[in-house]
Amino acid sequence: MGMRTLVALFIALATFFAVPASAQVLSVETYVEEWDEQAQRWVRIEDGADRFVHARPAKSSAALEAYGPFRIVDDRTAEMVGVTDRTSPSQFAAMVRDYPQLQTLRLIDAPGTDDDRANLKVGRMIREAGLETHVPAGGSVRSGAVELFLAGETRRIDDGAEFAVHSWRDEYGRQPQDFAMNAPENSIYLDYYQDMGMDAGEARAFYDMTNSVAFTDAKWLTAQDMRSWIGAETNQSQDGFVQIAQPKIQAAPMLAYLDLDRALP
């Protein structure tokens, strides 16, 4: 079996510039990958850890038009490549206005967000628009982008997709465990998860899982891992992905547009 080795370095978003309050980013991560010619995929090797498969990044399609990190593929499909920031809600609104037949948002390489407040607003806009979210094989959804995946009225995960979660941190270095669970700093996320279809217990369990690693670390999840978190009722389709239906939001709570600059002093 032929192998060639690649040393890969992933650098945290905003490593070389100021990070806004509560922005979710990933830490620097160095690892070695080997290309398995027989399996036609990259195999990641980490010191002190078991070997696991790291799929090659999914290829994005040619874009007809771009709205920040959102790229129109055709009248019914958009792809996401890049981070969200404070301008993303207006960009997303412009996209759905210009393409009213849009049905699916594919998350190709979504590292996270520079503005949690804006990111959660985009999530609610995704749900309001009734879009399906789809992570294809090789797609990577990390940090704050996980909230956007959860926003899909219908969600699809292909085998070979990956996810990463971690704790948020404010400008004073405080993380979720530094606040009461019912404090606005935490409840804004719990309320969001419930609006995305989880009950209170599921929302708390999912939030605890995302906060099981510090802001400077990341917990990696496979497609199968994420499927187990987003719902037990799944339908296996002929083309290999799992589809999970979720109800539409009936009404967004007041915290939907809470300014995190005020919530996180």
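User: Is R227 buried or exposed?

Analyst: In this predicted model, R227 has a relative accessible area of 12%. The cut-off for buried is under 20%, so R227 counts as buried.

User: Which residue does the side chain of R227 meet in a salt bridge?

Analyst: The partner is D159, at 2.9 Å from N to O. R227 lies in helix α6 and D159 in the loop between β11 (154-158) and β12 (162-165), so the pair ties together parts that are 68 residues apart in sequence. D159 is partly exposed, with a relative accessible area of 42%.

User: Which residues of helix α6 are buried?

Analyst: Helix α6 spans residues 223-230, and its buried residues are A223, M226, R227 and I230. They are on the same side of α6 because they cover an arc of only 105 degrees around the axis.

User: What is M226 in contact with, beyond its neighbours within four places in sequence?

Analyst: M226 is in contact with V146, F149, I157, F163, F206 and L221. The largest nonpolar core has 48 residues, and M226 is among those that touch the most other members, together with L107, F149, L150, F163 and Y193.

User: How many salt bridges does the structure hold?

Analyst: The structure holds 8. One of them joins R106 to E79, with the closest N and O atoms 2.7 Å apart. R106 is in strand β8 (residues 104-110) and E79 in strand β7 (residues 77-81), so this pair links distant parts of the chain, 27 residues apart. E79 is buried, at a relative accessible area of 1%.

User: Which residue forms a salt bridge with D109?

Analyst: The side chain of D109 meets that of R142, at 3.0 Å from N to O. With R142 in strand β10 and D109 in strand β8, the pair ties together parts that are 33 residues apart in sequence. As for accessibility, R142 is buried, with a relative accessible area of 9%, whereas D109 is partly exposed, at 34%.

User: Where is S143 placed?

Analyst: S143 is in the loop between β10 (140-142) and α3 (145-150). Its relative accessibility is 2%, so S143 counts as buried.

Notes. Residues numbered from 1 in each chain as written. Predicted model: local features only at pLDDT ≥ 70, side-chain atom pairs only at ≥ 80, totals over all residues. Heavy atoms only, no water. Core = buried A, V, L, I, M, F, W, Y, C linked by side-chain atoms within 4.5 Å. Buried < 20%, exposed > 50% of the residue type's maximum accessible area, 1.4 Å probe, protein only. Contact = heavy atoms within 4.5 Å. Helix = DSSP H or I, 4+ residues; strand = E, 2+ residues; numbered from the N terminus. Arc of directions from axis to C-beta. Salt bridge = Lys/Arg side-chain N within 4 Å of Asp/Glu carboxyl O.
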